[in-house]
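Dear colleague,

Please find below the structure that I am handing over to you. My findings follow it.

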Amino acid sequence: MSNASSTPALAPDVLAAQALAKEHGVGTPNVLTTPVAETRAKSRAYQQWLSEPAPAVGRVVEHRLDHLPVPATLRLYYPEGAAAAPLPLYLHLHGGGFAHGDLDTLDRWKREIAAEAGIVTAGLSYALSPEARYPVALEQVLGALRWLRDQAPSLGLDASRLSVGGESAGGNLTLAALQRLRDEGDAFVKAGVVIYGMLSARRDTPSHESFGDGRFGLSTEKLDWFWQQYVSDAAQLTDPGVAPLHADVSGLPPLILQAAALDPLLDDTLDLANKLFASGAAPTFIVYSGVPHSFIGMTRILPQAQEARTDLVQALKRNLV
């Protein structure tokens with residue numbers, strides 16, 4: 001019989017942060033019972049609340065990538081006092097199960113990364129599901145990365161110090177994009193970041209068994225719903241482009257992995273780390289205790305989110321600066 005003290009539980013700081021959000025009437029709605037448009041609107045309101053007041057950066061510039069088969073917008077955050085020399089860049093791909101999220105997702109967090117790391121941080125408005133299914137978003141990510149490389153001089157960027165990352169669905173797009181660039185002989189990205197990545201549609205892992213009931217927010221049932229929006233056919237769920245955990249992970253740039261201990265997706269990150277170590281790579285890998293999926297966006301109110309951000313800044317600087 002298990003000891004009560006060993007029962008997984010949210011850290012007191014997380015409970016306090018969640019209570020504060022509830023008090024202000026914001027949060028991420030249940031996708032299983034909320035129409036997609038309403039989910040997107042409420043998620044946007046929650047992200048805006050988390051980002052207020054917006055930390056200062058040097059400047060924010062948007063570029064419309066109309067040349068892509070499905071156009072998208074890039075938003076670049078330049079740190080204050082940016083030197084005349086070209087700067088490194090970190091492109092972050094937001095989460096939201098491929099179905100919600102936009103350029104304002106993690107706005108505060110991207111500003112903080114830019115300011116603290118002294119690098120340009122960017123976001124991408126990739127197309128959402130179910131309106132746009134796989135591989136539309138992945139192709140947009142690849143197109144955006146190549147555009148950033150090709151336009152680097154005019155953007156004040158160093159094309160040899162570009163990185164990409166994402167959380168949840170954005171972590172999926174990151175890993176899949178890096179695998180595609182490697183396979184196409186165009187591996188120009190210097191570092192990758194995968195934060196509690198949605199890397200496979202597996203349901204039979206220990207973390208799904210332990211945390212998939214949804215008591216910490218994300219559930220196996222919700223993940224199944226997100227996957228159903230992303231693919232056109234269930235057979236695609238084992239396609240390495242859809243589930244990049246199933247693909248070869250050798251020959252990738254250095255990866256920075258962050259995971260939440262109370263997350264049904266925890267084993268996706270653990271298994272990715274183990275595959276990387278087995279391939280001879282040495283990823284930076286941290287699991288944060290007492291926190292659920294999506295915790296990193298709460299830097300305004302959650303110490304663990306601030307800790308994870310500081311860890312990421314240090315890792316980015318090691319790899320890029």
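What percentage of the 321 residues in the chain do buried residues make up? The figure is 57%, where buried means under 20% relative accessible area, exposed over 50%, and partly exposed in between (1.4 Å probe, protein chains only).

Please note that this is a predicted model, in which local features need pLDDT of at least 70 and side-chain atom pairs count only at pLDDT 80 or more, while totals for chains, interfaces and linings use all residues. Residues are numbered from 1 along each chain as its sequence is written, and side-chain values use heavy atoms, with hydrogens and water left out.

Confidence. The chain has a mean pLDDT of 96, with 98% of its residues at 70 or more; pLDDT is the predictor's confidence in each residue, from 0 to 100. Residues 1-5 have a pLDDT below 50, and beyond near neighbours in sequence this stretch has zero contacts in the model; contact means heavy atoms within 4.5 Å. Where pLDDT is low, the predicted coordinates should not be read in detail.

Overall fold. There are 10 helices and eight strands in the chain; helices (H or I, at least four residues) and strands (E, at least two) are DSSP runs, numbered from the N terminus. The radius of gyration is 18 Å, close to the 20 Å given by the globule rule for 321 residues, so the chain is as compact as a globular protein of that length. That radius is taken over C-alpha atoms, and the rule is 2.2 Å times the number of residues to the power 0.38. Of the contacts in the chain with a separation of 6 or more, 77% are between residues 24 or more positions apart.

Aromatic pairs. The structure holds nine of these. Rings of Phe, Tyr and Trp (its six-membered ring) pair if their centres lie within 6.5 Å; planes under 30 degrees apart count as stacked, over 60 as edge-to-face and the rest as tilted. Phe98 and Trp227 form a tilted pair, because their ring centres are 5.9 Å apart and their planes lie at 50°. Phe98 is in the loop between strand 3 (87-93) and helix 3 (107-117), and Trp227 is in helix 8 (residues 220-230), so the pair ties together parts 129 residues apart in sequence. Phe98 is buried at 1% relative accessibility, and Trp227 is buried at 3%. Phe98 and Tyr230 are stacked, because their ring centres are 3.6 Å apart and their planes lie at 5°. Tyr230 is also in helix 8, 132 residues from Phe98. Ring pairs link Phe98, Tyr134, Trp227 and Tyr230 into a cluster.

Backbone geometry. Most residues other than glycine have a negative phi, and most peptide bonds are trans. The bond from Glu52 to Pro53 is cis, with omega near -15°, and a cis peptide bond also joins Ser129 and Pro130, with omega about 10°. Tyr196, not a glycine, has a positive phi of about 30°; this residue is in the loop between strand 6 (191-195) and helix 7 (206-211) and is buried at 1% relative accessibility. Phi is also positive at Ser294, near 75°, but Ser294 is partly exposed, with a relative accessible area of 46%.

Gln258 is in strand 7 (residues 255-262) and is buried at 2% relative accessibility. Leaving aside neighbours within four places in sequence, its contacts include Tyr196, Tyr288 and Asp311.

Yours sincerely
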